[in-house]
Amino acid sequence: MRPKTLDEFVGQERLLAQGSLLRQMIESDEVSSFILWGPPGTGKTTLARLLASNTDGVWQAFSAVMSGIKEIKGVMAEAEAHFNFGGKRTILFVDEIHRFNRAQQDAFLPYVESGTIVLIGATTENPSFELNSALLSRLKVFVLEELTVEQVVSLLRRAVDDEERGLGRAGLTIDNDILHGIAVYSSGDARTALNSLELLAGVLKRRGLQTATEEHIKDAVQQAVLKYDKTGEHHYNLVSALHKSIRNSDANAALYWLARMLEAGEDPIFIARRLVRFASEDIGMAHPQALEQAVAAMHAVDLIGLPE
C-alpha cells in the first residue's frame, strides 16, 4: 500500500503543500541533502522512494542497521565514478542514519561537501543529538509529524477497498468504527495500523467470516503501541508531561503519564527521583511534608521495587 505518487501520500500537509520546499525538490528533481526526522510509520521511507522514482540521478539506498564503514566506502567510490565519468550525482538514501557512529558519519562529509552525493537520511531520533555537528550543518532537517487518527483511518479504508494492492478482492466488511479502533491503537503509526489490519483479515479468514467486530480487533491488535524510549524524545516529552500535570494540579493526567512511562518500561527510580525534585522545587515550603513523602516513596521503590 506504499503510495506511488505525492497525491496518494497521506499526512504531512505542512511539508508537502503546493509550493513547499520539499515538494518542489521532489517534483523538480533539484535535490539537496536533507534529513527526514519523525516517528515510525509517518512516511519517511515513502518520501525517499517517491524522490527515487522522480530523479535522473543514480539512486542508492541502504540501511545503517545492516551496513558499516566498508559498505559506505564502496558506495562512495561508485558515486565518484558516476560523478567524474558520467556527470551524474548519486542520491544516497540512508535509513536509520542515527545508527551510524561518528566515524561512519564523517565518511560522508567530503562527498556531501563536493556535491558528489546528495545525502538523504531518515531517523526517528533527534538529529541534534545523534548526528555530528559538521554533517548536520550541511543538511536541511524536515520534521514529520505523527499521523492523526483520521489520517490513519483513511489509509486503512484505502487498504480495505483497493483490489490491486489491498484487501479489496477478499470481500471483507470492515466499517469505519472498526478502522477507527485500529487507528487509535496504532498511535499514529501507519505501518503498525496496516500490519494490524492484515492480521485482522487473517483472523477473519481463519474463522471463515466476512464481517469484522470489536472482538476481532482485540485479537489482531493485542494492545496499544506505547511510543517510548529510555533516553530520546519520548522519554523527555513524557516526563515533562508528568511534571507539568502535577504542577497544574491535574491528578488524572499525572496518573496517566505515570502509568504510560511504567507500562513502557521506564526505571521506577528515575520517576521517583523526578518526584523528589518536583516536591522540592515546585512545592517547597507550600507543603513541606511533600518532600518527606516523595523521599520515602523513592526509598521504598529502591529497597522493595514494584508493585509493592
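Where in the chain is the place of Pro307? In this predicted model, Pro307 is found in the segment after helix H16 (289–303), and a cis peptide bond, with omega at about 5°, joins Leu306 and Pro307.

**The chain as a whole**

The chain contains 16 helices and five strands, and along the principal axes its C-alpha atoms fill a box of roughly 75 × 55 × 35 Å. Of the 308 residues in the chain, 42% are buried. When contacts between residues at least 6 apart in sequence are considered, 72% of them join residues at least 24 apart.

The five strands form an open sheet with parallel pairing, in the order S2-S3-S4-S1-S5. Strand S2 (58–63) and strand S5 (140–143) stand at the edges, where each has a single partner strand, so one side of each is left without a neighbour in the sheet. From one strand to the next, the twist averages 15°. Strands of a sheet pair through backbone hydrogen bonds, either parallel or antiparallel. Here, strand S1 (residues 34–37) and strand S4 (residues 117–123) pair in the parallel sense over four bridges, and in this region Leu36 stands opposite Ala122 in S4.

Two helices can be described by how they lie against these strands. Helix H2 (residues 21–28) lies across S1 and S5, and runs at about 110° to S5. Helix H4 (residues 69–86) packs on the sheet, where it touches S2, strand S3 (90–95) and S4, and its direction makes about 175° with that of S2.

**Helix H9 and its cover**

The buried residues in H9 are Gln151, Val152, Val153, Leu155, Leu156, Ala159 and Val160. What covers these buried residues includes H1, H10 and helix H11 (190–206).

**Salt bridges**

Side chains of opposite charge can pair when their charged atoms come close. A search of the whole structure finds eight salt bridges, and the table lists some of them.

| Glu8 | Arg165 | 3.2 Å |

Glu8 lies in the segment before helix H1 (13–16), and Arg165 in the loop between helix H9 (149–161) and helix H10 (176–186), so the pair ties together parts that are 157 residues apart in sequence. Glu8 is partly exposed, with a relative accessible area of 23%, and Arg165 also counts as partly exposed, at 26% relative accessibility. Asp162, by contrast, counts as buried because its relative accessibility is 17%, which lies under the 20% cut-off for a buried residue.

Asp282 is partly exposed, with a relative accessible area of 31%. Elsewhere, salt bridges that share partners join Asp7, Arg23 and Glu27 into one network.

Which residues other than glycine have a positive phi value? Glu96 is one of them, with phi near 55°, and Ser249 is another, with phi near 60°. Glu96 lies in the loop between S3 and helix H5 (102–106), and is partly exposed, with a relative accessible area of 24%. Ser249 lies in the loop between H13 and helix H14 (251–263), and counts as exposed, at 67% relative accessibility.

Definitions and conventions: Residues numbered from 1 in each chain as written. Predicted model: local features only at pLDDT ≥ 70, side-chain atom pairs only at ≥ 80, totals over all residues. Heavy atoms only, no water. Salt bridge = Lys/Arg side-chain N within 4 Å of Asp/Glu carboxyl O. Buried < 20%, exposed > 50% of the residue type's maximum accessible area, 1.4 Å probe, protein only. Pairing = 2+ DSSP bridges. Axes fitted to C-alpha atoms, helices over the stretch in contact; angles between N-to-C directions. Contact = heavy atoms within 4.5 Å.
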